[in-house]
Amino acid sequence: MPSTSKMSNDEKSKVKGTLSAGSKIFMCTVARIYYAYPDPNKWSYSGEQGGLAFVKDKQNNSLYFRLVDLQGTRGVVWEHELYEGFSLNDDRPFFHSFAGDVRCLFCFLRLFV
């Protein structure tokens, strides 16, 4: 995946085609997912990358980050629901972090710039 925040028209179409049926897409960029588990002091790459979209799911009226596979046909490969009290930390211009759920104490997402 190129390290650029500009998505090609094909990538944008793929994200829109995957998510648009039941979601309102607010923004989208290319990203990789990182996490800090089980050691909260060590970053680990999850192996997932693609088009990260901030969306509102129209069926359950909830907000999510959803990652769409841009290189294959797997569709949504990762998602995280934004819970009440959600806080996004702007650690670097290209790296944002937030607290995750019980299985992944802290989830981190890297936005390419």
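This is a predicted model: local features need pLDDT of at least 70, side-chain atom pairs count only at pLDDT 80 or more; totals for chains, interfaces and linings use all residues.
Residues are numbered from 1 along each chain as its sequence is written, and side-chain values use heavy atoms, with hydrogens and water left out.

Let me start with the fold. The protein has 1 helix and 7 strands, taken as DSSP runs numbered from the N terminus, with helices being H or I of at least four residues and strands E of at least two. Along the sequence, the order reads α-β-β-β-β-β-β-β. Of the 113 residues, 38% are buried, where buried means under 20% relative accessible area, exposed means over 50%, and partly exposed lies in between, with a 1.4 Å probe and protein chains only. If we take contacts (heavy atoms within 4.5 Å) between residues at least 6 apart in sequence, 45% of them join residues at least 24 apart.

Now to the rings. The search of the whole structure gives 9 aromatic pairs, a pair being two rings of Phe, Tyr or Trp (its six-membered ring) with centres within 6.5 Å, counted as stacked with planes under 30 degrees apart, edge-to-face over 60 and tilted for the rest. Through such pairs, F26, F54, F65, Y83, F86 and F98 are linked into a cluster.

R32 lies over the face of Y45 at 5.0 Å from the ring centre, and R66 lies over the face of Y64 at 4.2 Å.

I would like to stay with R66, which belongs to strand β3, residues 62–68. Is R66 buried or exposed? R66 is buried, because its relative accessible area is 8%. Its side chain makes a polar contact of 2.7 Å with that of E79; such a contact is a pair of N or O atoms within 3.5 Å, where, within protein, one must be able to donate a hydrogen and the other to accept it, and residues adjacent in sequence count only if both atoms are side-chain atoms. Leaving aside residues up to four places away in sequence, R66 touches several others, among them L19, G51, V76 and W78.

Finally, N61 lies in the loop between β2 (44–57) and β3. Its phi is near 55°, a positive value in a residue other than glycine, and N61 is exposed, with a relative accessible area of 55%.

Conventions. A charge sits over a ring if NZ of Lys or CZ of Arg is within 6 Å of the ring centre and within 35 degrees of the ring normal.
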